[in-house]
Each structure stands twice: as structure tokens, then as C-alpha cells.
Amino acid sequence: MAKKTHITPGVACSFCGRKENEAERFLQGANGIMICNVCIDLGYDFLHNNDKATKSIDVKHYNQKSLPRPSEIKAKLDEYVIGQELAKITLSVAVYNHYKRIFSGINSDVELEKSNILLIGPTGTGKTLLAKTLARILDVPFAIADATTITEAGYVGDDVETVLLNLIQNADYDIKAAERGIIFIDEIDKIARKSESTSITRDVSGEGVQQALLKILEGTRSGIPPKGGRKHPEQNLLYINTKNILFIVGGAFQGLDKIVANRMRQSAIGFTAPPISKNDENFKYLQHTEPDDLVKYGFIPELVGRLPVITALHDLDEDALINILTEPKNALIKQYKELLKLDNVQLDFTDETLQKIAQKAIKLKTGARALRGIMESMMLKLMYKIPDNPNISKIIFHKECVDSGKDPEIIYRNTKTA
């Protein structure tokens, strides 16, 4: 095996394309074929653990050229997530920089810090979907946790290490793959302490959890019970390093907009103060959130410092909800049409019907989450009776089906209409 200093300048690995300054050693074969030490290690792992190698995902399979660019990541997000342009651009850049940081950290003299992400926005605006879609695009292990179920170690409930165990399980217990994964922690705003002053009493699901999250967010080697539960001295532990795990946390942060608005008004002079708009007023302020605002909301400064990338999501309007119903690859309308297609039945919705569904979802104030519930209630009786009547050819939903619960129009194959 030859060191890279013995190789003609400008060579690159024939397998992954790494150049001489991107790998420690190269092995030279016949006809000038070169292979770097990273590819040799991957080959060894594949040959000696073939089953796991085919299942696990390791970002080391990427290199600087193959890693999706921010524009490519956003284009993929556009296929599944409607609207939220600012959040998608912010996430695309942050994720690209995160995995680029992993590559550059191998031989770089400059240590790049991890950029965990905070998503702020009302329920049903796409926070979980954005994180889940990012993991699918990059093909890395992904886990979701709810901050409201986490308590300090020693108290009833899950501790922060349970979050890491979920990621390890989703990576089929491949630690190397899990160490390059993405974890989404929802409802993070629910663990804010009640006031800015330090609490003198135990807050086992608030400030105490914030303290417990600090280490794993920044990067630490943590021992995890392989089957969950509390640690015991005689128990064998799984050890995972969280240094390269990307954490995305999200929450509705009700009331944060008022904190931001007060700060902006106080810093403005006279008539230059930002106007209050009834149309998506919360987003106008939340997109200007600063670390001090989060501290006032109830987060300890150390935790805020570990969430350097902050982006806001806005409420979904009627047009956005209609697009969510119809446009994404896995849109609800497409799903129901495919389900009925399997029974040889065509499903149609008039434009007025889609508008009524979106308007009803807005009234429920749970964003896109309300759409599935509305659709299920409309489709339930229909999906119950269709398998028993192979003569049904087409179903048409009119706006009255949403307004008054009227049954949809049913067209039969013998041209009769009910």
C-alpha cells in the first residue's frame, strides 16, 4: 500500500472520486487503477457483514460530488411539501452544510460546529413532514420523539437516551449508520420553563429535560440499554456518538410572536414600528426570532446556543390546503383515488368540493392534519359499501357532501345514477 505522497499529483480514487487531499492512503493497481482507504474499509465491511451492509446507510458513501446540493434537496422537498419556501431553503442549506461538515472534518484543521435546527410554526404546517422527507432524500436513519414524554433520569417517563435508542432501532442496530442519522424532536416548546428566573424546585419535564438534552445535541458518547428502560450495572450497553447526528426540533411556540413583536416595537422609533397585519401576523414576527426571544420564552441559554439555525413556518391558507390535497406525490386525493381504483371505481371531486374541504380544515385550526380526518369521515361509508357492489363505476363528490353531509353522486356501469 502506497502513501498518497508517493502518488502522482492529481490522482483520484477510481471508485468514489476522492482526490489525494481527501483520503489518507491510496492502493495502486494495474493500469493505473487507484482505490482510497475509505473504499477499502467499506469493501471490508461489505464482505464481512454483507447482510447489514445492504441494509444500513452510511453517509461515507457520499462524497463532495455526490452529496445533493441545496437546490436539489429543495426540489425534492417541493415534491412532498407544499409552500413553506423559507423553511425549505433554510433546511436545505443547513442539511447540506451539516453533511459537508462531516466530510471536511476528516482532515481539516478548522473544526466546524454542528448546526442543529429549530422549526417554529403552528401545528399541521409541515414540521414533521419536512424532517421525515429530508431523511428520505438523504437515505439516512430517522427517528421521531415527543419532548412532552421525556423526563429527567430517575423519574417516571422516557429519558433523553430513549430518543437515541429509537434511532438505533430504526438503523437496524447499525451504530455507524445511526451516528449519521436525523432525529426530530416535536413539541419542544412544551419543555420551556415557566419564567426566566432559575427554578428552585424540580421541573422534571421542563428545565430538567433541557439540561439533559444539552449533551446529546452538542455531541457526546452515550451508553444506551439495548432494550430500553433504565440502566443497570450488570447491563450491556450500546454506545453511540451523537457528534454527527443532526437534531431538528420543532414546536408551535404559542405566545412567542408577542415577545418578538414587543422587542421589534421597542427597537423601532415612531412610525417605523412594524405594522400589525391580520393576515398571517404570527409568521411576520416569528421569522425574526432571535436567541434572546427564546430565552424570554423559557429556554435556557445553553440549549438555545445549540440550536443556531432557526426558521419559521406560516399558517396554511385555503390555496395551500387545496394544493396539499392534490399536488404532492402522496397527496390525500391521489391516495383515495388509488384505493378506489383497486376496486375499479373512479373517484372525482369538484373544485368547489376541494374549496369546502380546505375551508373546513381552516376552521378546525389544526392545519393540514385536519384534512385526513375530514376525508376519512367523507369516505368511510363509501369505502364500506363499494366492495359489495362491483357495478359501481364512478363516485363524484359535490360541495354539499362537505356542507351538509349529503351522499356523493354514484354512477353505475349500467348508466343508472343514484
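**Exercises on a predicted chain**

The chain has an accessible surface of about 22,500 Å², and 51% of this belongs to carbon and sulfur atoms (Shrake-Rupley method, 1.4 Å probe). This is a predicted model, where local features need pLDDT of at least 70 and side-chain atom pairs pLDDT 80 or more, while totals for chains, interfaces and linings use all residues. Residues are numbered from 1 along each chain, and side-chain values use heavy atoms, without hydrogens and water.

**Exercise 1.** Work out how H14 and H16 pack.

*Solution.* Start with the elements: H14 spans residues 332–341 and H16 residues 369–385 (helices are DSSP runs of H or I, at least four residues). Next, take the geometry: their axes, lines fitted to C-alpha atoms over the stretch in contact, lie 11 Å apart at an angle of about 15°. H14 is therefore roughly parallel to H16 (angles under 35 degrees). Now look at the residues: Tyr336 and Leu340 are among those in H14 that meet H16 residues including Met375 and Met379 (contact means heavy atoms within 4.5 Å). Finally, sort by class: the contact has nine nonpolar, one polar and two charged residues.

**Exercise 2.** Describe the setting of tyrosine 173 and its phi.

*Solution.* First, find the loop between helix H6 (160–170) and helix H7 (175–178), where tyrosine 173 lies. Then check the backbone: its phi is positive, about 60°, although tyrosine 173 is not a glycine. Most residues other than glycine have a negative phi. Last, tyrosine 173 counts as partly exposed because its relative accessibility is 38% (buried is under 20%, exposed over 50%, partly exposed in between, with a 1.4 Å probe and protein chains only).

Methods: Axes are lines fitted to C-alpha atoms, for helices over the stretch in contact, and angles run from 0 to 180 degrees between N-to-C directions. Helices (H or I, at least four residues) and strands (E, at least two) are DSSP runs, numbered from the N terminus. Angles under 35 degrees count as roughly parallel, over 145 as roughly antiparallel, 65 to 115 as roughly perpendicular and the rest as oblique. Ala, Val, Leu, Ile, Met, Phe, Trp, Tyr, Cys and Pro count as nonpolar, Asp, Glu, Lys and Arg as charged, and the others, Gly among them, as polar.
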